[in-house]
Amino acid sequence: MTYDIIVSGLGCAGFSFMYYLLSSPLKDQKILCIDSSKKDQNDRTWCYWSEDKLDIHPNQSDLVSWKSLKLEGNIQSNISLNKFSYFHIKSSDFYKEMRARIAFNSNITFVNEVIQSVEKSNSGSYIFTTKSNATFEGTTVINSIPQILSPFPEKVMKQEFVGWKIKTKSEYFDPKQMVLMDFEENTQNIPFSFFYILPYSKSEALVEYTTYTKTGVNIEEMKNTLKRYIEKKFSGDFVITFEESGAIPMSTKDFTNSDDPNWINVGTIGGCTKPSTGYTFHTIQKHSKMIVDGLSFGRNKTKLSWNRANRFRFYDNILLNIAAKWPDKLPAIFQEMFSKNSGDQVLKFLNEETRFLEEFNILRKLSFGIFIKSLWNYEKH
């Protein structure tokens, strides 16, 4: 049997595509979803900001959001949001709800297999071979797995992180305010790093340590740094109830488009990750809707890749150039951007939903020296 669509990789991007597909004219097509994981475990955390929770936000989970953000360091900024809220999603809630939606459709097959290879047939379809030597053929592929056909560029900047959800005996956290960035003094000589805190209650929070690096960081060193930070800032008496880690490529280089319009990359490999911040979830929703609409109404598949406006690529690359060459300047840039502009306007800008005049009004308030230096020593990252 040849499937109409094969979704390779059922993470955030694969499931998001399926969510919108199930409400479209494509819902009765023969579809195969394939992933090496059963997607029954909580393996990561996603966040986004929006005026209202997105329709895809899991209904079964507790709605966790914040209207107040904080940046800490040489300058402390307390940011009150007006229209926007900062939302949190637990991946296991997302997976559970998406799997339940898929299970109601007999035309959709889920295969829990490791993809070994992919080849293109003479007819133009794609043939997937799994580790168990099973084969599956599909006409259109929605792919979010970087290792298949579309690897990331080498030596790009990455956002590496490790996070622990912790529970403390005493009350240390403010559940009404999340910490977007805490530029605690760096004891590991990491060029640019910060801590990130999502408080769920006065005694429970997700605390993450994040670095921007091209050379990689030892995960055990990151865990030790995270442990020291928690003990210094809060308490040594805590229990870890959840752990996550990862590395997000941060690049403006062209690596997202495939040569074949029947192979559509999504998620990070599809260019949905914001190169300067690493946020991906909100853009995945925009891209997924665009793909489903395009396939439903017979639009040219070559136009279904996610293409960002060139000016946002330029803004991001200026920042990545600073991160690569003068990383000690980044904390001041983020602190100045949030302290001199409204939180809603900055978040709208980071979602790439602003117009040029709005962007000009945000950027003109910043100190120009480091940006001119980055332009003078411009390099694509």
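## Helix 1 against helix 4

The axes of helix 1 (residues 12-21) and helix 4 (residues 281-296) come within 9 Å and cross at roughly 45°. Axes here are lines fitted to C-alpha atoms, for helices over the stretch in contact, and angles run from 0 to 180 degrees between N-to-C directions. Helices (H or I, at least four residues) and strands (E, at least two) are DSSP runs, numbered from the N terminus. The model is predicted: local features need pLDDT of at least 70, side-chain atom pairs count only at pLDDT 80 or more, and totals for chains, interfaces and linings use all residues. Residues are numbered from 1 along each chain as its sequence is written, and side-chain values use heavy atoms, with hydrogens and water left out.

Helix 1 and helix 4 are therefore oblique to each other (under 35 degrees counts as roughly parallel, over 145 as roughly antiparallel, 65 to 115 as roughly perpendicular, the rest as oblique). Helix 1 passes helix 4 in a right-handed crossing (the near helix is turned clockwise from the far one by less than a right angle; anticlockwise is left-handed). On helix 1, the contact (heavy atoms within 4.5 Å) is made by Cys12, Ala13, Ser16, Phe17, Tyr20 and Leu21. Helix 4 contributes residues including Phe281, Ile284, Ser288 and Leu295. By class, this contact has 10 nonpolar, three polar and one charged residues. Ala, Val, Leu, Ile, Met, Phe, Trp, Tyr, Cys and Pro count as nonpolar, Asp, Glu, Lys and Arg as charged, and the others, Gly among them, as polar.

## Helix 1 against helix 2

Helix 1 also meets helix 2 (residues 91-103). Their axes come within 10 Å and cross at roughly 40°. The two helices are therefore oblique to each other. This crossing is left-handed.

Cys12, Phe15, Ser16, Met18 and Tyr19 of helix 1 meet Phe94, Tyr95, Met98, Arg99, Arg101 and Ile102 of helix 2. The contact has eight nonpolar, one polar and two charged residues.

Seven strands form an open sheet with mixed pairing, in the order 6-5-13-14-15-12-16. Two strands pair if DSSP finds at least two bridges between them. Strand 6 (77-80) and strand 16 (238-250) stand at the edges, each with a single partner, so one side of each has no neighbour in the sheet. The twist averages 15° from one strand to the next.

Strand 14 (residues 192-201) and strand 15 (residues 204-213) run antiparallel, joined by nine bridges. Leucine 198 stands opposite leucine 206 in strand 15. Helix 3 (residues 219-233) packs on the sheet. Among the strands touched by helix 3 are strand 5 (68-72) and strand 13 (177-182). The direction of helix 3 makes about 45° with that of strand 12 (157-168).
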